[in-house]
Amino acid sequence: MDRPVTAGQLKEKSLFQDSDGSAVPARTVCHNCSKLKIFLGALAFSFFAKGFSGSYMKSMSSQIERRFEISSSIVGIIDGSFEIGNLMVMVLVSYLGPRVHRPKIIAVGCLIMSVGAFLSVMPQFLMGRYNYERITVSVDNSSTSVSACSPAWSEGPAATDATETLSTVINAGCEKTTNSYLWLFVLVGNLLRGIGEAPIMPLGVSYIDDFSKEENSAFYIGLVRSSGMFGPTLGFLLGSFCASLWVDVGAVDVDAISINPKDTRWVGAWWLGLLICGAVNFIASLPFWFLPYSLPKEGENENLKMSHLSVQGDHCKMDPPAQPQLKFSEAVKDFLPAVRKLFGNPIFVVFIFLTILQYNSLVGIITYEPKFMEQQFNVSVAKAIFLIGVVLLPVTILGMFLGGFLIKKFKLHITEMAKFACITFLVAYLLNLLYFTCSCEVLQVAGLTAPYSGIKHISSSKHVYVASCNAECSCKVDQWDPVCGDNGITYMTACFAGCKSSSGTGRNMVFHNCSCVEGQGLGLGNSSAVLGQCQRESCTKAFPYFLALQTACAFFLALGGTPTYMIMFRSVSPDLKSFAVGIETLGGRVLGGLPAPIYFGALIDETCLKWGTKSCGGSGSCRVYDTKEFRNVYLGLIAGLRAGCCLLYLVLSVLIMKRFKPDGKEMADIKNAERSASKELDTANKREILPGSRTSEESEETYM
């Protein structure tokens, strides 16, 4: 028998009723509120950790490609292994989400990501030091080398026939080793990262939406996602720093290296940042082990009437709510009806197709943007990564945060969210089309993109490697150690430039008496060449314009990102929110994140003009691209994918406006459901429905 509550007792203990009908002291309610804030902070840091490691891996794509001497399409497969990991567990995790201990599952995921990062580092300690392609030059006591153009110093096959393929070049005495396949460690590590990241988004977001006020849900989710964007920012900054360091830093004399970070043979310390990423992911897992299975709905206890209060001596000590037992047979039985219910919702179906196209364009950009900037605008990969981290990502964070803030400030309902998202994306697409105006000249490489001007050609094929000025040099067609002549043309090696002598060592080496440079109008005996490719001034001038366009485009895309994401939550029934997030993430990862790096990379490979050669023969990574074709392929793919997004945004807006009319039955049902939320909660507790969900009958009536 409950005792009556006196004013003194109420002031002293101030009890509220928990979801299971037991009395909860006010300090317990406040404690639960603080736990929600702790969860928000922990989830934000886990978003930071996964974004930190993910962006770092993206920024190291070029370094991994060069270190393991693989093509861009293979790099795409390595990148896609992350999505395969998501595919393996995403559906299961998302569907079982509300039925399991969500914080602990997120903790396990963070630990798996940490293991994956550490595993990816293993090749650095298993393979030898990195040896880049370079010509062999003998230096005498006077520090002046013998002729680079000399048959005596030309080892290997000579470039007597321009149709000779690089794959047939095999150095004498060379044997393939297991080093050729050590990139599989990186692939498996990325696979584990995908498995570990799978539960963070669907379980974390659904946990927030279940236990926070509806008007605060969008703001909290936007806050967590925008906070998580600091991870990619710092990840790209770390990538920029590591890309500027030599891969074997600390083990070799950097001053003796003859190339710089702008060279396509340069490999940065890609492994160093992965050690940091693994440690950050481990730290991110720690708070989730101490968070409860569920929490009271935010603000729920404040609205309960005083008549529901009771004081019972045995309630002074609170026990945490019991976790419901999950029956696997029931979960499997309800799976297909849940799938039919989701895909019977046309708004959700259109949203999934929209997500897939957006994933394709976004993943393609993130993976190959540094390479595009390097090849198109003559900037180093380290600088390109740095600019992405300090310019593009902070603007994206601002846009995402502002999008969530506008939803909360103006209390936008789903129709207004759809219009807002559609308009912002159309503006971003128009800015995207202006990318094509940022043209840049093709790198002039003798025999590849430019003829040996004024020189009689030995061969009539497309790529003329040999001319009369270097015919006696017996140059090796498989080598790539570029030099820039006084005439502004790049030559594949000093041998192809016909250089007779050189002075200096390392990156300060200068070649003299280059016959192919002399033949283009320069004085005989006075022409020279320096190590490295020639700079393209017009490309450098166009780069700030391109960066400004990208910044504006990123802002408008991010501004509509949070409203777009909230459309999914407002268009499905509450008991399917976690499952919907999982399906959305799964569709984007499998049909967007998995194939996009592969087909982007394969098409980019088609624009390659000169492939590197592995020490044991076979093609390595690309050294020179046709920048015009590269631009058309890369920007054309992005523009085409986003054109499809524009169409789907219009269709989505029309469907939402038809379904959620202000005076329509759908909106009236939703308002009635909101007014009876407290009553529904009591009914749900009696029927043992999971926290934050509604009865199946009400959900069907409201959302179908």
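Colleague: Which cysteine does a disulfide join to cysteine 499?

Modeller: Cysteine 514 is the partner of cysteine 499, with 2.0 Å from S to S. In general, a disulfide is a covalent bond between the sulfur atoms of two cysteines. Bear in mind that this is a predicted model.

Colleague: What is the handedness of the disulfide of cysteine 499 and cysteine 514?

Modeller: The torsion about its S-S bond is about 95 degrees, so the disulfide is right-handed. Cysteine 499 lies in strand β6 and cysteine 514 in strand β7, so the pair ties together parts 15 residues apart in sequence.

Colleague: Is cysteine 514 buried or exposed?

Modeller: Cysteine 514 has a relative accessible area of 0% and is buried. Cysteine 499, also at 0% relative accessibility, counts as buried.

Colleague: How many disulfides does the rule count?

Modeller: The count comes to four disulfides. One of them is formed by cysteine 484 and cysteine 534, with sulfur atoms 1.9 Å apart. Cysteine 484 is in strand β4, while cysteine 534 is in the loop between β8 and α17, 50 residues apart. Another disulfide is formed by cysteine 608 and cysteine 622. The torsion about that S-S bond is about 100 degrees, so the link of cysteine 608 and cysteine 622 is right-handed.

Methods: Residues are numbered from 1 along each chain as its sequence is written. This is a predicted model: local features need pLDDT of at least 70, side-chain atom pairs count only at pLDDT 80 or more; totals for chains, interfaces and linings use all residues. Side-chain values use heavy atoms; hydrogens and water are left out. A disulfide is a pair of cysteine sulfur atoms within 2.5 Å. Helices (H or I, at least four residues) and strands (E, at least two) are DSSP runs, numbered from the N terminus. Buried means under 20% relative accessible area, exposed over 50%, partly exposed in between (1.4 Å probe, protein chains only).
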